[in-house]
Amino acid sequence: MARRARETRRPMTLLIQAARIAYQHGGNPILTDATFEVRADDRLALIGANGSGKSTLFRLMSRRLDPDRGAVTHARGLRVGLLDQEFPLDPATTVREAVALAVGDPAALEAEAAELERQMGEAEDDEALTALLDAHALLMERIARNDDPDRGSAGEFLLSGLGLARPRWERPVGNLSGGEKRLVALARELAGEPDVLLLDEPDNHLDFAGKRWLEAFIRDYPGAVAVISHDRWFIDAIANRIFELEDGRIDAYPGNYADFQRQKRERLERAAQLRELEEREFRKLK
């Protein structure tokens, strides 16, 4: 699945650029002067203290939120997928149907088109009919573009890899536990194969095998991936860059979590040495 995406997706280098963005929530500053870039093949881990605004930053990166100051720029035609803390799912849809529709299973797309056509015949007013017509037109475009006969099995590949038991696939999403719903939401985001995947704590509710599978999936993914996780071993396994959110700013470090710890320790030691030198010079001048 990821290999096919790598072969067909147009090459891109700079995907997202943020320039001196600031954002407040409820009068509390979350970001004050954040500047960073996301490039193709990035495997980013966003770290920071609880409540520092990591999830908010992901919403800004996906442009679900607008910054109070500064700008977040996307490459033309960029598709961004976001696994958020909130993941709306149709409770009446089965697990298999939810993921099949996201992955582009031809049978699922045709069934969705038939359902939209049924709803059009029962539309209450012109506004509702227009919305259904627009949704139907977009879906028909997607069906026309979908020429991969293997799409039907891609959803099963994702659900199996994440460790959701096969007997659960035919259950309505509304009957699942909270952890199982999150696995379905994660599978849907992976299925969409966007150019940039923003995954907020994707390793929650995964067992050991599921985490190892997700690590391999992220390493092989053809686009850029950014994750928020509290599991340093998971970060060590997938990251090639670390973004640290601290005091409203972003500091970027190359490498994984172990590299970040070493580099930050060295930076703090250099800063302490510089302060000591400045204090000695001040005392000498005084």
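Mentor: Before we start, a quick definition: rings of Phe, Tyr and Trp (its six-membered ring) pair if their centres lie within 6.5 Å. Keep in mind that this is a predicted model.

Trainee: Take Tyr253 and Phe260: is the pair stacked or edge-to-face?
Mentor: Their ring centres are 5.0 Å apart, and the planes meet at 80 degrees. Planes over 60 degrees apart count as edge-to-face. Because of that angle, the pair of Tyr253 and Phe260 is edge-to-face.

Trainee: And are Tyr253 and Phe260 buried or exposed?
Mentor: The cut-off for buried is under 20% relative accessible area. Tyr253 and Phe260 are both buried.

Trainee: Which residue lies over the face of Phe208?
Mentor: Here we look for a charge over a ring, with CZ of Arg within 6 Å of the ring centre. At 4.4 Å from the centre of the Phe208 ring, the residue is Arg212.

Trainee: Where is Glu193 found, and is Glu193 buried or exposed?
Mentor: Glu193 is in the loop between helix H7 (178-191) and strand E6 (196-200). Its phi is positive, about 50 degrees, though Glu193 isn't a glycine. With a relative accessibility of 8%, Glu193 counts as buried.

Trainee: What is the relative accessible area of Arg63?
Mentor: Arg63 sits in the loop between helix H2 (54-61) and strand E4 (69-74). Arg63 also has a positive phi, about 65 degrees, without being a glycine. Arg63 is partly exposed, and its relative accessible area is 45%.

Methods
Residues numbered from 1 in each chain as written. Predicted model: local features only at pLDDT ≥ 70, side-chain atom pairs only at ≥ 80, totals over all residues. Heavy atoms only, no water. Helix = DSSP H or I, 4+ residues; strand = E, 2+ residues; numbered from the N terminus. Buried < 20%, exposed > 50% of the residue type's maximum accessible area, 1.4 Å probe, protein only. Phe/Tyr/Trp six-rings, centres within 6.5 Å; stacked < 30°, edge-to-face > 60°. Lys NZ or Arg CZ within 6 Å of the ring centre and 35° of its normal.
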